Amino acid sequence: MTDLLPHLEAALKFARQHGADHADAVMLRGRSRSAMIRQGQAEGLRHAESLSLGLRVFHQGRVATVSGNDVTPEALSQLAERACAMARVVPPSPDDGLADEPLMPVPASTIAKLDLFDPSGTPDTPALLDRAREMEDAALSHAGITNSSGASTSTTLQDIALATSAGFAGQYQRSGHSCGVSVLAGTGTGMQRDYALHSAVHQADLENPARLGHEAARRALARLNPTRPRTGLYPVLFDPRVSGSLLGHLAGAINGSAIVQGTSFLKDRLDEAVFGSGVTITDDPTLPRLAGSRPFDGEGTACLPLDLVKDGQLRHWLLDSRCARRLGLPASNGRANRTGGGNVHPGPSNLFLHAGTHSPEELRRDIREGVLITELMGNAINMLTGDYSRGGSGFMIRNGEIAEPVSGITVAGNLLDMFARLIPANDLNLMTGHHAPTIRIDQMSLAGD
């Protein structure tokens, strides 16, 4: 691992020399490789390296952020000079500043326990192509699969470092591997597409490529000859492939920036029951071998598990230091995210809905007529009111069993009502990248025929 901290210390030194009261700097160094197979032919071979340094300076209640990719002393001095010049002329922003409670020092044991770096190394391009070819061959081996949109694989390695003028300094390394395949079934206007994909921090946790190919083929074949249900109110099950999107809407609604701006339908619901009894939603950056885990947040504060929703009650916003100060709260809760350009904003890490007590089969057993949603399209969500409307496809549920495929439907409701009626199944599996189990919500509006 390349030591990035000396470059950050140099940037902070130059910021102080050019007049900054305080400053922090982040640096990301990335290396990635990807490959694609389409109809047996290699294409889209890519190898990339990136480097970005973001510097944030504070001067008399004002803040400015700049970024660059040249880390020579001359370039860092010019970057700091430009940032300080900007900070002297921008409008005051008194709530901006360094974190009040930085994590110092960063325990080496914390980084080790997260297990975010795969020591087995990164596969070369021929190995990536072999993995992609195995996926596509498995998918195309199914009768009825008529074309391939391609199978792709990638590997990444990233060094992340953060330092502040208050004395915080931390660095860690993260690896990533992913693969996915998309195929078409049928012919002409009756063709249907589906996919399978998976990503993991360690290669050993990556799904078998052939299994992904078979899964994509089975899903595409199952979608042939879809119908449209009658417009009406139905119980709806959200497959784990799409159920996590509901957590995404929750994360947006409890983001500190939205609360500060008053643009969230949950802005007045803190410490109130928003979900049903027994529902718990946790954001946990300490889980080993997961992509959202991290030893410190984007401001250098400790990363701890946080039950955002406990037994149905909304307990916390997602906060960075600025939002916490704007809301009159004592401190950030360690949810600051940082871009390579240096900008800070609150957001989740590993956000997940705890599993319920019933299997997906048990959740649908009493459904005489309903819909299982396996794919969602569009995003007509009004975050001020919570009104929800998305295109979807999936399968009818008849007498508790999965029946014929459906497509071209619109699923609508209001997120407040949906959250209150949400029932989770017991099939949560974070290692597959699904951050929510199967979810049942009754009385949703479906627009079909």
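1. Two strands are taken to pair if DSSP finds at least two bridges between them, and the points on strands below should be read in that sense. The model under discussion is a predicted one.

2. Strand β1 (residues 22-38) and strand β2 (residues 41-59) run antiparallel and are joined by 16 bridges; within this pairing, Ser34 stands opposite Arg46 in β2. The two strands, β1 and β2, form a hairpin in which 2 residues lie between them, and Gln39, which sits in the turn, has a positive phi of about 50°.

3. Strand β1 is also joined to strand β4 (residues 145-164), here through 14 bridges and again in an antiparallel arrangement, with Met36 standing opposite Ser152 in β4. Taken with the previous point, β1 has β2 as one antiparallel partner and β4 as another.

4. Turning to the helices, α1 (residues 5-17) packs with α2 (residues 73-87) at an angle of about 45°, and their axes are 8 Å apart. Because angles under 35 degrees count as roughly parallel and those from 65 to 115 as roughly perpendicular, α1 is described as oblique to α2. The crossing of these two helices, α1 and α2, is right-handed.

5. On the α1 side, the contact is made by His7, Ala10, Ala11, Phe14 and Ala15, while α2 contributes Pro73, Leu76, Ser77, Ala80 and Cys84. Sorted by class, the contact of α1 with α2 has 8 nonpolar and 2 polar residues, and no charged residues.

Conventions:
Residues numbered from 1 in each chain as written. Predicted model: local features only at pLDDT ≥ 70, side-chain atom pairs only at ≥ 80, totals over all residues. Heavy atoms only, no water. Axes fitted to C-alpha atoms, helices over the stretch in contact; angles between N-to-C directions. Helix = DSSP H or I, 4+ residues; strand = E, 2+ residues; numbered from the N terminus. Parallel < 35°, antiparallel > 145°, perpendicular 65-115°, else oblique. Left-handed = near helix turned anticlockwise from the far one by under 90°. Contact = heavy atoms within 4.5 Å. Nonpolar A, V, L, I, M, F, W, Y, C, P; charged D, E, K, R; others polar.
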